[in-house]
Amino acid sequence: MTEDAPLSPELLPAGPDGIELRFARRPEPAAMAAVQVLAAEIAAAPPEGLRELVPGLVSVLLRLDPAAVAAVGPGLLARARAIAATRPALPAPTRRWTIPAAFGGAEGPDLAAVAARLGQSEAAAAAEICAAELRVLTIGFAPGQPYIGLLPEAWNLPRLPELTPSAPAGALVVAVRQLVLFGATSATGWRQVAQVAFRPFRPERAEPMPLRAGDAIRFAAAPADQIAALAGDPQGLGGARLEVLA
Amino acid sequence: MSTLTLHRVDGIVTVQDMGRPGHLAQGLSRGGAADRLALIEAAALLGARAPLAGLEMAGAGGVFSGDAPMRVALTGAPMAATLDGVPLRWNATHRIEPGARLRIAGAEAGVYGYLVPAGGLATPDWLGSRAAHLAIGIGAPLTAGAVLAVTPDPAPETEARVIAVANRFQGGTARLMDGPQTGLFDAETLDAFCTTAFRRGTRGNRQGVQLSAGARFVSAEAAGLASDLIGPGDVQSTGDGVPYVLLAECQTVGGYPRLGTVVAEDLPLIAQAAPGTVLRFRRVGAEEAARACRDETVLLREAAARCSSLVRDPALIPDLLSYQLIGGVTRGDDLEQDDAR
């Protein structure tokens, strides 16, 4: 991942009722920013026949009335090219979540190894995550599950060669400058650095999947016993705070 | 409210409807019936305006009864069914009297059979759907003793109906359209994929099924590829080049490249392929793919046109019964086999 790789947006088929605009094949940071900008533009002025708008990591998927697909594609490709040419920063967030997290120890069994790779203390590595300007880049794999990024370039850590068979719900795991917050127990090839009491998916909650792509995320270091206590929250919000910024 | 009681459960039996579309941005795949056409056919048989929630029976059914007179439609993978011991025709509606025992055995071909009461199951819903989504813990396979709420049959006196059904239960050729990542595979790999006779592999569930063959289908771009949005019908080539076709409960983001997408109308053929069944793929252009992705209201109208009365001459029934009981050789799906021709 380099900051200055050229973006080459492509208009791609995604079924008779869909199109995909892809900014890059690889997880380029510039492509992730461009996705957020294009998705925000489409949401602000939806094309005729739009049924579903889904921002991915480096692509935007649109589900459309099949009759509208042919008409919408060229205009969107032109917008994507214009965005790619200006290489914009992320659009200003409209919402920000602050999520308490317990770093290291049993709550972050891989934090020591991560800090060693970064040449930092565990406390400094945790502080860097808490200081980072993070966004929900996309949501997926499992319901509500956010891919969060991007951490500074030094955090471009490879995935582990072996899967960890079981990371718990609420595990905050890191690889390739991104963080994923697990909604349920998961096998993972990423490194667990912290544990949160916030659950991104609770079917019985009024908002089962409250995070949205584009949301700003801030992690706030908290002691393990506080996270354990917050995990008792029947809503599964785990002390997370939502501010509406716009 | 009426009820349907499950006295015995032999397969993986879940409540299914057409699922929860529209939540992909929140990471929720649509879910719903593995064979959507089977629910459309049940709705057509029952004269419903839209598909109803029913029981999806993977592999085998069980023993069921209702507490009020109700019609039920039996569709999808043909299964030997009897009502108080009397063989019932598959792909048809039948009236069930209170307390009568409806027994549904294992699938004779295919995987997923459907039992749909005429009023539809009225079990609790979540995000506008009653469908169990096993992969994410919404609902669960039903067990013996379950009593499910059913909306009363609006017209239990309606005559029995039967629907003519193309055989989608023994494999065949599925149409494949290009997807966002088809261009990541070279022409030779795509050609090889479309000339390979696969067998449905041993790994498979409502999330997807494995395609088994000696050949491997690898993209030179696979390493370092950014994760992309994925959906039902996508043919994903995993790390070792073994393809999987994704089904209703698939994950929504995946890092493996996809060869293409099975067109919506051919996805039941894949879902209904039992392990070992031969499957092939034919690459089609956008126009042909569009023709094979008709709206559900169009499919329901088309299915309604395939329905007709199941004429019964009461005078013949005792003879028919004695023939089947004495002979013991009919499998109960003879008529279904005729339908398939």
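A strand here is a DSSP run of type E with at least two residues, numbered from the N terminus. B:D228 sits in one of these, strand 16 of chain B. The model is predicted.

**The interface between the chains**

- Chain B gives 31 residues to the contact, and chain A gives 31 residues.
- The size of an interface is often given as the accessible area lost when the parts come together.
- Between chain B and chain A, the buried area is about 2,600 Å². Carbon and sulfur atoms give 61% of this area.
- Three residues, B:Q26, B:P180 and B:L229, supply 22% of the area that chain B buries against chain A. That is more than any other three residues.
- Two salt bridges are counted between chain B and chain A.
- B:E221 pairs with A:R25 in a salt bridge, and their closest N and O atoms are 2.7 Å apart.
- There are 11 residue pairs in polar contact across the interface of chain B and chain A, with both residues at pLDDT 80 or more.
- On the side of chain B that touches chain A, the elements giving two or more residues are strand 16 (228-229) and helix 4 (286-291) of chain B.
- The residues on that side of chain B divide into 18 nonpolar, 10 polar and three charged.

- B:D228 has a relative accessible area of 4%, so B:D228 is buried. The cut-off for buried is under 20%.
- The side chains of B:D228 and A:S59 are joined by a polar contact of 2.9 Å.
- Leaving out residues up to four places away in sequence, B:D228 touches A:E20 and A:S59 in chain A.

**A:L12, in strand 1 of chain A**

- A:L12 belongs to strand 1 (residues 10-13) of chain A.
- A:L12 is buried, because its relative accessible area is 13%.
- Neighbours within four places in sequence aside, A:L12 is in contact with A:I19, A:E20, A:R22 and B:P180.
- A:L12 and A:P74 are 62 residues apart in sequence. Their C-alpha atoms are 11 Å apart in space.

**Salt bridges**

- Over all chains, the count comes to 27 salt bridges.
- B:E56 and B:R206 form one of them, with the closest N and O atoms 2.9 Å apart.
- B:E56 lies in strand 3 (residues 54-58) of chain B, and B:R206 lies in the loop between strand 14 (198-205) and strand 15 (208-212) of chain B, so this pair ties together parts that are 150 residues apart in sequence.
- Both B:E56 and B:R206 are buried.
- B:R95 and B:E97 also meet through their side chains in a salt bridge, at 2.5 Å from N to O.
- B:R95 has a relative accessible area of 32%, so B:R95 counts as partly exposed. B:E97 is partly exposed too, at 36% relative accessibility.
- Another salt bridge joins B:E288 to B:R282, with the closest N and O atoms 2.9 Å apart.
- B:E288 is partly exposed, with a relative accessible area of 23%. For B:R282, also partly exposed, the value is 39%.
- A network of salt bridges links B:D35, B:E41, B:R168, B:E302 and B:R306.

**Helix 3 of chain A**

- Helix 3 covers residues 111-118 of chain A, and its buried residues are A:L111, A:V114, A:A115 and A:L118.
- Seen down the axis of helix 3 of chain A, these buried residues fall within an arc of 100°, so they line one face of the helix.
- An α-helix has 3.6 residues a turn, so residues three or four places apart point the same way.
- On the other side of helix 3 of chain A, A:A116 and A:R117 are exposed.
- The buried residues of helix 3 of chain A pack against strand 5 (95-103), helix 4 (122-131), strand 9 (171-175) and strand 12 (191-196) of chain A.
- A:G119 follows helix 3 of chain A, and the phi of A:G119 is positive, near 70°.

Notes
Residues numbered from 1 in each chain as written. Chains lettered and ligands numbered in written order. Heavy atoms only, no water. Buried < 20%, exposed > 50% of the residue type's maximum accessible area, 1.4 Å probe, protein only. Helix = DSSP H or I, 4+ residues; strand = E, 2+ residues; numbered from the N terminus. Arc of directions from axis to C-beta. Contact = heavy atoms within 4.5 Å. Buried area = accessible area lost by both parts, 1.4 Å probe. Salt bridge = Lys/Arg side-chain N within 4 Å of Asp/Glu carboxyl O. Polar contact = N/O pair within 3.5 Å; in protein donor to acceptor, adjacent residues only side chain to side chain. Nonpolar A, V, L, I, M, F, W, Y, C, P; charged D, E, K, R; others polar.
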